[in-house]
Amino acid sequence: MESTMGIVALVNDYIASRRDDDKHGGSIYPSAIGLCPRKAIYIYRGEEPTNPFGPRLLRVFEVGKIFEDFVLEALKSADVLLGCHPPVKDLYFSGKIDGVVAQGGQTYIVELKTIHSKAFLYKNLPYDHHVYQVLCYHLLWRKLFTTQLSAPHIVYISKDDLLIDEYVVPLSREAEVQERMDYLVACAQKGELPDRPHSDSHEHWACWNKKGKRPSCDYFDLCWGLRKE
Ligand code: SF4
């Protein structure tokens, strides 16, 4: 039988070419607010990742996009989608909201996230870093636009059985998000690199993938001094 490896390589190349390289220096990304602040500042500084994501992880991201687009299409068809991927940008922050929805007399931001169906069983959704991300969008929107928004929603979609669940994020958590945003802006202004938040061990899951025996952070070598800063 003829090998199909050529197709695999073509698909991997196609996915790599579709990566919207929207992570440019000079901005802090809302998706980074709840994750490692050191990494957020590496991106802000425009550092090139020293450990770029491989084809498998890029395919995982692509699957996420496919499912998210599917849900956005459903919202469009229901005529409740006011905005699809509207950009929000100020002097320090930049990002694209998944959707702005008007429904039942309320207008709110929606963030779509794909997970494995098993993640629904652990009852620990929504994850904090997703809450931080969507509240960061909410705070930026309030600062930039006049449309009044209700509390944002996070919608989780399982990749294996299209299970969908929705969470309304309490605005009572805005203050802690604002605090993180202010901290990152202060680091950017002062040219400071935040300490590593995950103790002194590189084996924290955010830095190192124990199972795969490889970095899970794309700035691992830079962060741990394997490449000169
Ligand atoms: S390697 Fe770990 S501590 Fe360093 S930037 Fe990445 S996540 Fe943060």
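**View 1. The shell around the ligand, sorted by class.** Seven nonpolar, one polar and three charged residues make up the shell around the ligand. The model shown here is predicted. The shell consists of Cys36, Arg38, Lys39, Arg196, His198, Ala206, Cys207, Cys217, Tyr219, Phe220 and Cys223. Two elements, helix H2 (37–44) and helix H6 (220–223), each give two or more residues to this shell.

**View 2. Helix H2 and its cover.** H2 is mostly covered, with eight of its eight residues buried. These are Pro37, Arg38, Lys39, Ala40, Ile41, Tyr42, Ile43 and Tyr44. Gly46 follows H2, and the phi of Gly46 is positive, near 80°.

**View 3. The largest nonpolar core.** Nonpolar side chains tend to be buried together in soluble globular proteins. Here, the largest nonpolar core has 40 residues. Ile28, Ala40, Ile109, Val134, Leu135, Cys136 and Tyr137 have the most contacts inside this core. At least two core residues come from each of H2, strand E4 (99–103), strand E5 (106–115), helix H4 (128–144), E6, H5 and H6. H4 gives the largest share, seven residues. Now look at Leu135. Leaving out residues up to four places away in sequence, Leu135 touches Pro152, Val169, Arg173, Glu174 and Val177.

**View 4. Val155 in strand E6.** Strand E6 spans residues 153–158 and holds Val155. Is Val155 buried or exposed? Val155 counts as buried because 20 C-beta neighbours lie inside 10 Å. Beyond its neighbours within four places in sequence, Val155 is in contact with Val71, Val110, Leu112, Ile164 and Glu166. Val155 and Gly191 are 36 residues apart along the chain, and their C-alpha atoms are separated by 36 Å.

**View 5. Helices H1 and H3 pack together.** The angle between the axes and the distance between the axes describe two packed helices. For helix H1 (residues 5–18) and helix H3 (residues 55–77), the angle is about 65° and the axes are 10 Å apart. The crossing of H1 and H3 is left-handed. On the H1 side, Asn12, Ile15 and Ala16 take part in the contact. They meet Pro55, Leu58, Arg59 and Glu62 in H3. By class, the residues of this contact are four nonpolar, one polar and two charged. An α-helix has 3.6 residues a turn, so residues three or four places apart point the same way.

Definitions and conventions. Residues are numbered from 1 along each chain as its sequence is written. This is a predicted model: local features need pLDDT of at least 70, side-chain atom pairs count only at pLDDT 80 or more; totals for chains, interfaces and linings use all residues. A residue is near a molecule or strand if its C-beta atom, placed from the backbone, lies within 6 Å of it. Helices (H or I, at least four residues) and strands (E, at least two) are DSSP runs, numbered from the N terminus. Ala, Val, Leu, Ile, Met, Phe, Trp, Tyr, Cys and Pro count as nonpolar, Asp, Glu, Lys and Arg as charged, and the others, Gly among them, as polar. A residue is buried if 20 or more other C-beta atoms lie within 10 Å of its own, exposed if 12 or fewer, and partly exposed in between; C-beta atoms are placed from the backbone. Two residues are in contact if their C-beta atoms, placed from the backbone, lie within 7 Å. Axes are lines fitted to C-alpha atoms, for helices over the stretch in contact, and angles run from 0 to 180 degrees between N-to-C directions. A crossing is left-handed if the near helix is turned anticlockwise from the far one by less than a right angle, and right-handed if clockwise. A nonpolar core is a set of buried Ala, Val, Leu, Ile, Met, Phe, Trp, Tyr and Cys residues joined through C-beta atoms within 7 Å.
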